[in-house]
Amino acid sequence: MRAVSTVLDVALFLLLVGGAVAAVTAPVPDAEPDVPERWAGETATVLTTSTATVSYRLVPTADMADGSPEFDRHAHGTLARLIAAGALGGLAVDGTRVTRTREAYRDAVGRATRNATGAPGREVRVVAVWTPYRDANIEGRQVVGPTPPDGATVHSVTVRVPSGFPSTSDEANATAREAGYAGVARIAARATVDGLFPPNTTRLALRDDHPLDALVRHRYRRLGRLLGIDVDPKPTAVEQTNDRLEDRLTDRFEPRLRARFDSPTDAAQALSVGEVRVTVQVWTR
Amino acid sequence: MNDRARVPFALVGVLLLVGGAGVNASLGGIDPPGDPAAERAVEQATAAARTALEGAAVDAGRTAAAAPVVDPATSPAGRLVDEPDPFRAYLRLLVYRYARQRLSTIDERDGAVRATVSLPRAESVSALARAKDRVRIARAGPNGTAMRVSIENVTVTVRRDGKVVSRQSWNATVIASTPVLAVHDRVSKFEQRLNAGPLDPGLGRRLTARLYAVAWARGYAQYGGSPIANVVATRHVGLATNGAVLALQRRTLGTSEPTAHRAMRQEALEVARRDVLAGAGVDGRLARSAFGVAGVAADAAADTRTLSVGVGATADTALADVLDSGAVADAMVAAYTADARLATRVERVETSRAGTRKPTGAWSLVDSRVERHTSVRAGDAPLPAPTGRWHTLDAYSRVVERKRVTVREWERDNRTATTRTVRRRVDRVGVAVLGRHRARRAPARPVQDVHRNGTGALDGPNLADVRRRAVAALVTEEGGPDALAARAAEGDLSTAPQSVTGSRPSGLHGWAVSDLAVLRDRVQNVSVDVERGAIGTFAANPPERLAAAVERQRSTLLNTPSRYAGVADRARIAARSVYLDAVVATLEARADAHRDRRTGLTDALGDDWTPETLDRVRQTRHVTESRRPTTGGLGGPVGVTVRGDPTSLELTGNAPSLATRNVNYVTVPYGDVADTIVGSLFGPRRVRLDTAARTLRAANDVESRTGEDVEHRAELQQSVRYATSAVKERLRATLRREGIGTSARDRRRLVAVGFSRWETTSGQALAAANGSVVSPLLEAIETRYPTAVDTPRERELLALRLRVALQSALASARGRPQQPPTNRTTSALRGVAREQLAAALGNASDAARKRWRGEVLGAVPAGLPVAPVPGQWYATANVWRVDVRGEYERFAVRSRRGVPRPDGAGVAYVRDGSTVRFDVDGDGSGERLGHARRVSFETRTVVVVVVPPGGRGVGDTDGNADERSAGWGTM
C-alpha cells in the first residue's frame, strides 16, 4: 500500500514540477516595434501610469487678499488625473469660464504633460474634456500641445478617466424609459451639481478659514450667475443651494437633449458625467 | 496512509505550480489573450485602471476624513468597521466603493475589441465585508504621508463584437498622494497624548511642568508675605492646560493654530496682570514666563534647588539631655578611672628535704601532722614585666622561704617514737602593681604627664593619686608586700584588675560644660542641602542625612589634640564624644518619625496617589521635546493647518469646553489630612501655638479693618492665652531650678518683664513660639540679678535651659491651643471678609478688592510643617491635586496638498461628533456606521510645594480647598 502511494506521489510531483516550470518560462510578450500607429496608445499609457508633482498657486479673485499661504499648493498624481482636474478647472457655461482661479494649475499641468510626452520626431496634442453629455453647452476642457497641421496623418486614442462625479449610466437608462428626456436631464443635472459641490466636503470648505470659504463661495456665485440665478451659499444650506442649481441645469439640459437625441434612451446612453475623455493625438513632425 | 507524517511530494508540487504562476504574474502582468488588438486593449485598460484607482483612493480619503468613523455603531453595519482602527476599515470600504464605480468608466476600444474593468457588486453587509477584505491600505511614501492601496482580483474583460473572449484578474496597487492616514494617525496620537497621565509623555506631564512653575513662584511669594490667598487657582490651571495643549498640538500634529496662540498670550497677560495688580508679588515677567509667553525662561526647576536644613535646636535638646541624664558627669568619672592589678614573678632558688620518715623496725604510724613556716625577707628578685598598655605603678622584691615539717608519731610494743621530715623551698618573688588607663569615650591618644600632679589642663591632679589609691587598695589593704609575696609563692594571689578612680579637679565639670556650649554652636550649624521638592513628599529624610553629616564631621567636631594636655583634657574630649552621640541619637529618632510621616502621607493621599508617584511625577515632568512631525511628503509638503472650536478651551460661558478641579490637601481649617500625616503626636485636636496666634492676628486685623466682630475670636484668644500661660509657667519652673529669683512672685515678675516687649496676646504667643522671648528674658534677669549670671558660660547655659524649656512647653499638650476655636475663627473671618468686601469696598476697583482679600486671608497660616515638633521645623509643604477635562466641539486638521477641486483641495479631517452613514445596501440612503467622536480628554497631576519654615507657610487660605471650575459638574 505504501509503495503504491509513494510511486503515485512522486509521479504527481514530477508532473506538477513540470507545470511550474512551464508557468515560469511562459513567454512574456516582446516589445512591439516602434511604429507611428502605436504612438498614440503609448502616449496614453504614459498619461495614465506615470506620475508628476505640480506646484501651483490659486489665483485670487479681485476681492481677495492674496497674502495667505493657503494659495500655495502642491498636487501629485498620474498625469491623466492631473489633466482631468485641469479640464474641470476650465469649466465654462455657453463658452464663458466659471472661474479663473485654477489657471496657474492648468499651466503647470500643461508643462508637466509636455515634458512627459515629448519625443523626437513627433508632435503630441492632448485634449481633456468633461461634459455632462455629448454636445452639452456646459463643458470643461484643457488642451495641451499644438493643433495638427492640415494634411498630417494624425493617430489618436481616447482614454476615459473618472471625473470623480457620480456615475449615471445605470440610473439614467432606467429613468429614460419612465421619465423621458426630463428624467434624464434631471439625472445629469444632479450628478453635475453633486460632483461640483459634494455636500459634505463643500460644507466643510464653507466653514473653513479664509480664503477657502471665499473661493468656494465665489465659484458657487459665478456658476449661479452664468445659469441666471443669484445664490448665497451658507454652510447650513448647501443642499438647498445645490437644489436650485440642479433645477436650473435641468431646465437647460432638457430641450437640448430633446433636440440632439432620437430617444430618451439614446440621451441616457450619451451621458458622460462620470468621466473625462482624454484624447491623445500624435503625428510626425 | 502516511503514518510518518511527511509532506507528500505532490503537495510540494502543488506549491511549486502555484508559486510559479505567481512569479509569472508578477513578472509579466496579465497573460495576453494572444490577439494584438486585445493585448493593446488590455494594456490600456489596466493602465487606465491605475489612474482610476488613484483618484478613487484620494477621493475616498477626502470623504472618510470629512466625517471619520472613530467609534463604530452597534448596528449590523457598524460591525463592518468594528476593528482596532475603525477609521481604516471605513476607508477600505470607501476605497472599494469608489474604485468599483470609477473602474466602470474604463472602456478601451481597438476596432471591434473592447476591454472593461470591474469589481464585484457589494451591496450587503456580508458582501461589503468580503469587499473590504480585498482592499489593503497602508501609509507609504516619505514620512508616511501618502497611502498605498492594493485591491485584489480586479477583473479585466475583453469582448469582441460583444462576445467575451477573455477574462483575467490581477492585484492592483497604487500609491496615492493623500496624507489622510498620516493626518488620522497624528490626530489619534494627539488625542492619546491629551489623555496621558503625569508619568507619560503628554498633557499630564506638560501640565505638571507648567503648574510647578506657577505654584512654586506663587507659593514663595505667599510665604514671603504677598497677599495671596489662593496659590493654585482655577485660572492658572486653565491657562496651563491651554498652553500645554497647544504645545502638544505642535509636537503631535506638526503645527498649531496661530489664533489660539494669540488668545493664549492674551489670557496669560490678563492672568499675570490680575496677579500683579492684586499685589500677588509674583512679577509680571515671572507670571508670563511661567506660561511660556514672553520667552523669558521660567524657573521651572525651583523645586530642584536645595534647601539648607541644619541641626538647629536639636543641638540644644541633646545638650540638655546629656547634662540632665548625668551622661557628662559619668564621662568625667570614667576619664579619671584607671584599671589596676597585681602581677607576680616567682623564681625557685632552693628545694631541699631532710630528716627521717620512719624509724627502723616494725613501727606503726599512730599520728602525723604538718607544720608550716614561712618567712619573708627583702632581697633581690626579678620583677614581672608589664605587657600591653599596662605599666608598673609600684613593685616589691622578696625572698620567701617556706618550710613544711611533717611530724609523725610511731608505736611499737607500747613504745613510741617521733620522726620529722623537713621540706624547704626558697623563692625569689617579684610583686608589681600595674596600672592601665583607657581612653573610654575619648579617642586613644597619649596623655601628657598622666601621673603628675599640677600640670596640664586645670593644673589637674591628673592620675597622680591613682598610684597611691591603687597601692592602698591592692597592697596595703591586702596585707602588705610580704603577705602578697607569700601568697604569690603559694600561687593563690588574685591578679584580676580593679577600677581605681582618681580624684578630679573641682572645676572639671563646669569646664567641660563650657566647652560643650562652644561645641553646641558648631553642631547647631551643621547642615545638609536637600532638594526642596523631595522634602515635600518626605522622600528625602533630612534628619537622617544630618545624623550622617554629624558622624562624618565627628573628628573635626571632637577636635582631639594629638596629645592630651592632661587627663582633664581627655575628659573634656570624652564629654564632647558623649554629646555628639546624643545629637546623633536624637537625629536618628527624628529620622524614624520622618519615615512614619511618609506612611502618614500615603494614608492621607488615599488610593489615587502615593508618595512614590508624587516623587516620580515631580522628577519626570521635565519635557524632552520630541521632533516635530515633518511636513514633507510625496508630491510636496503636507501643508497641515489645525483648527479647534473653540480655539482656546474655555472655563466659563454657557458651555464650558474645559473643566478643572484642584484640591489643596493641607489647608485651614486644620483637620484630618495634617493629623493623618503627622499623627496625633500631641494628642488630637490641638494646633501649634504659632498657627493659633497667626489666626488670631488675622482675625484682629479683620476686626480693625471692618469694625465687625469676628465670631469665635474671643474664644480663640482665650485658648491662645492659656497656652502662652503654660509656656510662661514652664519658664518660671526653669528659673526656679536654676536658682534664679527669690520667690515665686519674683520669678513671675521676671517672666512678665521678659514678655513686656509684646503687647498683644498673639504677639506674646508668637514670641514664645519662635523663641524670640529668650533674649529679653535674659536681659531682665541680668538687670535684676547682676550677679546671678556672672560668666558668659553661665549666661549661655541659662539661655540653653530657657530654650529647651520653651521647646518642651510648646510640644506639650498644654502649650498647644485647642483646634476647634482656630478652625471656627478661620471660617468666621472668611465670612466677614466676604461680606465686607462688597460693603466696605463697593466702589473700589476689582484689583483693590482682590488685594484686600489677599492681605486678610493670605495672613492665615497654611501648609504642613514637615517636622512638626517645635525647633525641628525646617520646611512647610503643601500638595495640590489637579484634574482637568476638556473637549473640542469640533477639531479639524487640514492638508492643502492635492489637485484643485470645486469644493477645495486637499483633505479636511474633522472630528465633530457627527454620525457617519454609508449606503450599505445601495438603496440611496445611508446606514449608520459610527461616529466621528469629538476630541476630548481627561487627565490629572499633583503638585508639591515646599517653602522654608516660619511665616505663613504655603497653601490656599481662602477657604476653597476643593476648587472646581464652572463646568466641572457637567463635563
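The model is predicted, so local features need pLDDT of at least 70 and side-chain atom pairs count only at pLDDT 80 or more, while totals for chains, interfaces and linings use all residues. Residues are numbered from 1 along each chain as its sequence is written, chains are lettered from A and ligands numbered from 1 in the order in which they are written, and side-chain values use heavy atoms, with hydrogens and water left out.

**Chain A**

- Chain A has nine helices and eight strands; helices (H or I, at least four residues) and strands (E, at least two) are DSSP runs, numbered from the N terminus.
- Of the 285 residues in chain A, 52% are buried (under 20% relative accessible area; exposed is over 50%, partly exposed in between, with a 1.4 Å probe and protein chains only).
- Among the contacts (heavy atoms within 4.5 Å) in chain A between residues at least 6 apart in sequence, 73% join residues at least 24 apart.

**Helices H22 and H24 of chain B**

- The axes of H22(B) (residues 713–737) and H24(B) (residues 761–769) come within 9 Å and cross at roughly 40°. Axes are lines fitted to C-alpha atoms, for helices over the stretch in contact, and angles run from 0 to 180 degrees between N-to-C directions.
- H22(B) and H24(B) are therefore oblique to each other (under 35 degrees is roughly parallel, over 145 roughly antiparallel, 65 to 115 roughly perpendicular, and the rest oblique).
- Residues on the H22(B) side of the contact include Val720(B) and Thr724(B), and those on the H24(B) side include Gln764(B) and Ala765(B).

**Aromatic pairs**

- Over all chains, the count comes to 10 aromatic pairs. Rings of Phe, Tyr and Trp (its six-membered ring) pair if their centres lie within 6.5 Å; planes under 30 degrees apart count as stacked, over 60 as edge-to-face and the rest as tilted.
- Trp216(B) and Tyr220(B) are stacked, at 6.0 Å centre to centre with 15° between the planes. Both lie in helix H6 (residues 203–223) of chain B, four residues apart, about one turn of the helix.
- Trp216(B) is buried at 2% relative accessible area, whereas Tyr220(B) is partly exposed at 23%.
- Tyr220(B) also pairs edge-to-face with Tyr223(B), at 6.4 Å centre to centre and 65° between the planes. Tyr223(B) is partly exposed, with a relative accessible area of 24%.
- Phe190(B), Tyr888(B) and Phe891(B) form one aromatic cluster.
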